[in-house]
Amino acid sequence: MAGSTDVGTGVGSVGERLLQVAYGSEERARRFYETQMLDHLNEVMREFIARQEMMFVATADGDGHCDATFRAGPPGFVAVLGERQVAWPEYRGNGVMASLGNIATNAHAGLLFVDFEDSIGLHLNGRATIVENEAVPLPRDPLAGRRPERWVRIEVDEAYIHCRKHIPRLVKVPHDRAWGTDNPRAKGGDYFNVARDRAQPAPPPEPPRRRWWQRLLDS
């Protein structure tokens with residue numbers, strides 16, 4: 001790879017193309033780019049997004065520090081605004097603003113929709129914009145009675161399949177948890193015991209081990 005001026009297909013990132021050359025996957029990558037990748041959402045993709053209830057969101061700040069998160073709602077909570085735009089609602093959270101903070105300094109974002117019942121996925125990469133509720137007309141409030149604090153709109157750059165090869169098939173079961181609740185216990189509270197462990201006093205340090213010759217001097 002060192003010194004090579006041929007970086008593969010010319011599609012995708014420089015890193016992709018460099019590794020396609022290094023690992024000999026240029027032809028497979030070319031076929032995928034040509035047959036499965038679009039710069040917009042076709043009708044089937046738009047219909048797929050309109051029935052999804054969850055997605056994964058990847059962002060990074062201006063220095064490249066990454067964050068991955070999860071968003072969910074009723075079917076169609078992600079609004080399809082056309083073949084090159086989608087938007088999702090942002091509700092009250094923990095106040096950290098990890099994803100939106102990244103978007104504020106680096107607009108690039110990646111979405112992954114996975115339909116675990118049909119075992120298929122859709123990647124969507126593009127440029128994100130934080131949109132206040134009153135700034136742009138959006139289709140509706142996805143959750144009746146819960147107004148989003150704001151929306152995130154994505155301008156689509158890439159859309160392509162995530163094949164079902166390694167996606168498990170899962171079946172939804174009813175549960176009694178209130179979707180979208182702000183009740184700390186119902187949300188999972190301190191599931192990983194972080195707050196509990198921080199609230200406990202630190203154990204005293206162990207005394208240093210005495211050398212054998214120190215023990216002889218004491219005797």
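Which strands do the buried residues of helix 3 pack against? The notes below work towards the answer.

1. The model is a predicted one, in which local features need pLDDT of at least 70 and side-chain atom pairs count only at pLDDT 80 or more, while totals for chains, interfaces and linings use all residues. Residues are numbered from 1 along each chain as its sequence is written, and side-chain values use heavy atoms, with hydrogens and water left out.

2. Begin with the sheet. Strands of a sheet pair through backbone hydrogen bonds, either parallel or antiparallel. Here 7 strands form an open sheet in the order 2-1-5-6-7-4-3, and the pairing is antiparallel. Strand 2 (66-72) and strand 3 (79-82) are the edge strands, each of which pairs on one side only, and the twist averages 30 degrees from one strand to the next. Helices (H or I, at least four residues) and strands (E, at least two) are DSSP runs, numbered from the N terminus, and two strands pair if DSSP finds at least two bridges between them.

3. Strand 1 (residues 54-60) is joined to strand 2 by 7 bridges, and the two run antiparallel. Within this pairing, A60 stands opposite C66 in strand 2.

4. Helix 3 (residues 43-50) packs on the sheet, where it touches strand 3, strand 4 (85-90), strand 5 (108-115), strand 6 (120-132) and strand 7 (150-162). Contact here means heavy atoms within 4.5 Å. The direction of helix 3 makes about 75 degrees with that of strand 6; axes are lines fitted to C-alpha atoms, for helices over the stretch in contact, and angles run from 0 to 180 degrees between N-to-C directions.

5. The buried residues of helix 3 are M45, F48 and I49, where buried means under 20% relative accessible area, exposed over 50%, and partly exposed in between (1.4 Å probe, protein chains only). Seen down the axis of helix 3, these residues fall within an arc of 95 degrees, so they line one face of the helix; the arc is that of the directions from the helix axis to the C-beta atoms. To answer the opening question, the buried residues of helix 3 pack against strand 3, strand 4, strand 5, strand 6 and strand 7. On the other side of helix 3, E43 and V44 are exposed.

6. By the rule that rings of Phe, Tyr and Trp (its six-membered ring) pair if their centres lie within 6.5 Å, with planes under 30 degrees apart counted as stacked, over 60 as edge-to-face and the rest as tilted, the count comes to 2 aromatic pairs. F32 and Y160 form an edge-to-face pair, at 5.8 Å centre to centre and with 85 degrees between the planes. Because F32 lies in helix 2 (residues 26-36) and Y160 in strand 7, the pair ties together parts that are 128 residues apart in sequence. F32 counts as partly exposed, at 29% relative accessibility, whereas Y160 counts as buried, at 17%.

7. The tilted pair is that of F56 and F70, at 5.6 Å centre to centre and with 55 degrees between the planes. F56 is in strand 1 and F70 in strand 2, 14 residues apart.

8. M97, in the loop between strand 4 and helix 4 (98-105), has a positive phi of about 65 degrees although it is not a glycine. S119, in the loop between strand 5 and strand 6, has a positive phi of about 55 degrees, and S119 is not a glycine either.
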